[in-house]
Amino acid sequence: MNCRRAGPFVLGMGLALAGIGAGIGTAAEGPGNAERGQVVFADKQCVRCHASRGQPTVGPVIEELRRPQGAYELAGRFWNHAPAMFTSLRRDGIAWPEVSPAEMADLMAYLQADASRDPAPDLSRGHILLVRKGCLKCHSYRGEGGRIAEELTRYHPGYQSAVTWAGAVWKHAPRMAEEARRMGVPYPRFTGEEMGNLVGLLRSTAKSP
């Protein structure tokens with residue numbers, strides 16, 4: 001696989017890993033607005049698959065999506081959701097919806113995500129996940145691992161806030177899912193506090209901008 005073709009795949013993982021920092025529980029951006037987020041949810045056609053309880057729906061009903069949760073926890077759910085959503089939209093000939101940073105902040109507020117609910121990362125567990133999730137097949141970490149993608153300790157703005165990270169996940173995860181399928185590489189998924197632990201490790205060792 002050449003580096004040009006690999007770009008979307010590794011960028012998706014790199015940006016996703018960049019989203020959670022050691023400062024979990026604080027946000028660099030202002031809070032989103034839940035009312036505007038409800039409009040975003042409708043405008044981006046999320047209601048096509050996530051209708052209200054009692055209505056025909058493909059995915060989980062909106063009442064299940066809207067619940068008190070950590071901001072990075074929700075971003076991890078976006079990451080896990082990307083392959084199925086990408087496949088469904090492509091089958092129906094629908095373009096992947098673009099979400100601006102402001103829209104992402106509002107959408108996360110509507111879905112009741114709050115960074116203060118995310119626990120502080122466990123860096124030792126993050127180090128274990130770095131290996132188990134296969135990150136080092138493409139990326140290097142402190143000079144060890146793959147050479148297809150950039151060094152994971154390289155600073156990226158996405159490290160600084162949940163909204164920035166979630167936006168990066170939303171934009172790039174579908175491409176990574178497709179590239180992973182093409183390469184026969186398992187798409188990494190994260191449950192519970194895994195994403196926070198992994199990215200907390202990377203944030204803690206990131207070089208200054």
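**Helix packing and pockets**

The crossing of α4 and α7 is right-handed. That is my starting point today. A word of caution: this is a predicted model.

Let me place the two helices. α4 covers residues 71-91, and α7 covers residues 162-183. Their axes lie 8 Å apart, at an angle of about 30°. Angles under 35 degrees count as roughly parallel. α4 and α7 are therefore roughly parallel to each other.

Which residues of α4 and α7 meet? From α4 we have A71, Y72, A75, G76, F78, W79, A82, P83, M85, F86 and R90. From α7 we have A162, W165, A166, V169, W170, A173, P174, M176, A177 and E178. By class, this contact of α4 with α7 has 18 nonpolar residues, one polar and two charged.

Now to α5, residues 101-110. α5 packs on α7 at an angle of about 105°, and the axes are 9 Å apart. An angle from 65 to 115 counts as roughly perpendicular. So α5 and α7 are roughly perpendicular to each other. On the α5 side, the contact uses P101, M104, A105 and M108. On the α7 side, the residues are A162, V163, A166, G167 and W170. The classes here are eight nonpolar, one polar and no charged residues.

Look at α7 again. A162, A166 and W170 of α7 meet α4. A162, A166 and W170 also take part in the contact with α5.

α5 has another partner, helix α2, residues 34-43. The angle between α2 and α5 is about 105°, with the axes 7 Å apart. That makes α2 roughly perpendicular to α5. In α2, the residues in contact are A34, R36, G37, Q38, V40 and F41. They meet E103, D106, L107, A109 and Y110 in α5. By class, the contact of α2 with α5 has six nonpolar, two polar and three charged residues.

How much space lies in the largest pocket? The value is about 520 Å³. Its lining has 25 residues, and the closest to the centre are C49, H50, L65, H81 and M85. α4 gives the largest share of that lining, eight residues. By class, the lining of the largest pocket divides into 17 nonpolar, five polar and three charged residues. Note M85. M85 is among the residues closest to the centre of the largest pocket, and M85 in α4 is also part of the contact with α7.

The second largest pocket holds about 310 Å³ of space. It is lined by 16 residues. Which lie nearest its centre? They are E98, V99, G167, W170 and K171. Which helix gives the most to this lining? That is α7, with eight residues. α5 and α7 each supply at least two residues. The classes for the second largest pocket are 10 nonpolar, three polar and three charged.

Two names come back here. G167 and W170 lie nearest the centre of the second largest pocket, along with E98, V99 and K171. Both G167 and W170 belong to the α7 side of the contact with α5.

To close, follow α7. α7 packs against α4 at about 30° and against α5 at about 105°. α7 also gives the most to the lining of the second largest pocket.

Definitions and conventions. Residues numbered from 1 in each chain as written. Predicted model: local features only at pLDDT ≥ 70, side-chain atom pairs only at ≥ 80, totals over all residues. Heavy atoms only, no water. Axes fitted to C-alpha atoms, helices over the stretch in contact; angles between N-to-C directions. Helix = DSSP H or I, 4+ residues; strand = E, 2+ residues; numbered from the N terminus. Parallel < 35°, antiparallel > 145°, perpendicular 65-115°, else oblique. Left-handed = near helix turned anticlockwise from the far one by under 90°. Contact = heavy atoms within 4.5 Å. Nonpolar A, V, L, I, M, F, W, Y, C, P; charged D, E, K, R; others polar. 1 Å grid on protein atoms, 1.4 Å probe; cavity = no way out; pocket = protein on both sides within 12 Å on 5 of 7 lines; lining within 4 Å. Points joined across faces, edges and corners; volume = space filled by probe spheres on them.
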